[in-house]
Amino acid sequence: MEEVLVVGGGIGGLTLALMLHRRGISCRVFEAAPELKPLGVGINLLPHAMKELDAVGVQEHLAGLGVLTSEAAFFNRFGQLIYEEKLGRAAGYGWPQISIHRADLHRVLLDAFVAAAGAERYRLGWQCVGAEPDGTVRFRRAGDGAELPAQKGHCVIAADGIHSTLRKQLYPDDGEPIYSGVNMWRGVTRWQPILGGAAMIRCGWFTHAKIVIYPISPVEGDGRQKVNWVVEIKTPRYERWNWARPGRLEDFIGPMQDWHFDWLDVPEFLRQAEIALEYPMVDKDPLPRWSFGRITLLGDAAHPMYPRGSNGAGQAILDARALADCLAATADPEAALRDYEALRREATAKVVRTNRTTPPDVILGEVHKRTGDKPFASIDAVISRAELVAITDAYKRVAGYEKAQLGPAKPDG
Ligand SMILES: Cc1cc2nc3c(=O)[nH]c(=O)nc-3n(C[C@H](O)[C@H](O)[C@H](O)COP(=O)(O)OP(=O)(O)OC[C@H]3O[C@@H](n4cnc5c(N)ncnc54)[C@H](O)[C@@H]3O)c2cc1C
């Protein structure tokens, strides 16, 4: 079999490469960035994604760098607790939920692939400019734009992210990502453990301000850990999606000035941030087709989604698993890509749509609406626990990580 050509060496592309290598299918990854910089901030890997990453042997390494997130906690903007639930291993899953810096996740995947397949199989500075349905890909050198030799492979996997070149080629009228009306500021603050140091906290609502907070590194010698945060505010203004755009505190701290809770002083926490980045919450409408001859789409190139249910990386990882299995099952590349699409296109479209309408965060919106944005005397008088459980369970079902869907871990875990 000719090599599989993977365009884009981010989270999805590298996971696929690792999985293909494990199945004895040779591949090469072409990454546009001329060098790897530790860009981005925190990312979450839910148990369905961790099950797949465990199977490629990186679970322990990730667990050592990140945090085994053990509970979700939802608060209103007055700091009152609405709902708590266990997550990952603490909820009885066979795999943990891991919250980690995206750069650490990327480095672990890259190191594992290079150790297994060799450094020459991951090429930096190769910017894809187009591909043919027969499996030929054209490249330019990032930086000076010099033409690089075209490559011909068994098939071409477009794992080139939200601004995918190959998606644009297949869908010339696709346009820019669609703005949700909510702008986001993300950052990292080194802080003492909040609510036990392994909680994913959601607080407020984006008509005023909503903040999501979760730690992404173990507690260090000074008693602090890296804590990721995301502020979401409804606003008509936004700039083009760019992972490196700096955010300004004065643009988003206003609505949270008086959020001095007994579990966290939010304005102080934000003021101490080491890094703050700004970008809009965007996605794209689900596509009617992903596979064209020997070309297919994977991850954000196929289905960019709002980062509301912590599923962007996870769904790319599930795509990789399905595609690796399909490529291993038949020598006919076009059939394999069609089978992969049948497994994953509608499944991911449901996640894109659910992230727009009823992600777990909708709990906050519901309480905001029912209380008229006022403090409550008792949460039970506002919403029942059964209703809250139903909201998060429904999301787990759509995203594919209900406990019953995943099954038990291997005995050696
Ligand atoms: C620099 C960066 C920082 C990020 N930070 C965060 C974060 O903090 N939190 C979060 O939740 N998500 C973050 N993401 C997005 C997250 O990685 C994805 O949503 C998710 O993991 C799906 O992975 P993916 O492989 O589809 O896309 P990505 O992980 O985005 O990978 C796409 C890769 O394709 C490369 N590429 C793009 N165009 C071309 C081309 N023409 N030729 C070759 N290669 C190309 C990109 O450089 C990138 O490495 C970040 C993405 C990037 C690129």
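Which residue just after α9 takes a positive phi? G372 does, at about 60 degrees. A few notes on the rest follow.

1. Ground rules. This is a predicted model, with local features needing pLDDT of at least 70 and side-chain atom pairs counting only at pLDDT 80 or more, while totals for chains, interfaces and linings use all residues. Residues are numbered from 1 along each chain as its sequence is written, and side-chain values use heavy atoms, with hydrogens and water left out.

2. Helix α9. Helices are DSSP runs (H or I, at least four residues), strands likewise (E, at least two), numbered from the N terminus. Within α9 (residues 362-371), the buried residues are V362, I363, L364, G365, V367 and T371; buried means under 20% relative accessible area with a 1.4 Å probe, protein chains only. They pack against β5, β6, β14, β15, α8 and α10, where contact means heavy atoms within 4.5 Å.

3. A72 has its bridge partner, E85, in β6. Five residues separate the strands of the hairpin, and G79 in the turn has a positive phi of about 80 degrees.

4. The ligand's surroundings. There are 30 residues around the ligand, the closest being G12, E31, V41, R102 and D300; the cut-off is a heavy atom within 4 Å. By class, 13 are nonpolar, 12 polar and five charged, with Gly among the polar ones and Asp, Glu, Lys and Arg making up the charged class. Elements supplying at least two shell residues each include α1 (11-22), β2 (27-31) and α7 (312-329).

5. The cut-off here is a pair of N or O atoms within 3.5 Å. An oxygen atom of the ligand sits 2.7 Å from a polar backbone atom of G12, and a backbone N or O atom of I11 is 3.3 Å from a ligand oxygen. R102 uses a polar side-chain atom, 2.8 Å from an oxygen atom of the ligand. Of the 910 Å² of accessible area that the ligand has on its own, the protein covers 86% (Shrake-Rupley method, 1.4 Å probe).

6. D319, worth a click. This residue lies in helix α7 and is buried, at a relative accessible area of 0%. A polar atom of the D319 side chain is 2.9 Å from the backbone nitrogen of G299. Leaving out residues up to four places away in sequence, D319 touches W290, L298, G299, H303, Y340, R344 and T348.

Technical notes: Buried means under 20% relative accessible area, exposed over 50%, partly exposed in between (1.4 Å probe, protein chains only). A polar contact is a pair of N or O atoms within 3.5 Å; within protein, one must be able to donate a hydrogen and the other to accept it, and residues adjacent in sequence count only if both atoms are side-chain atoms. Two strands pair if DSSP finds at least two bridges between them.
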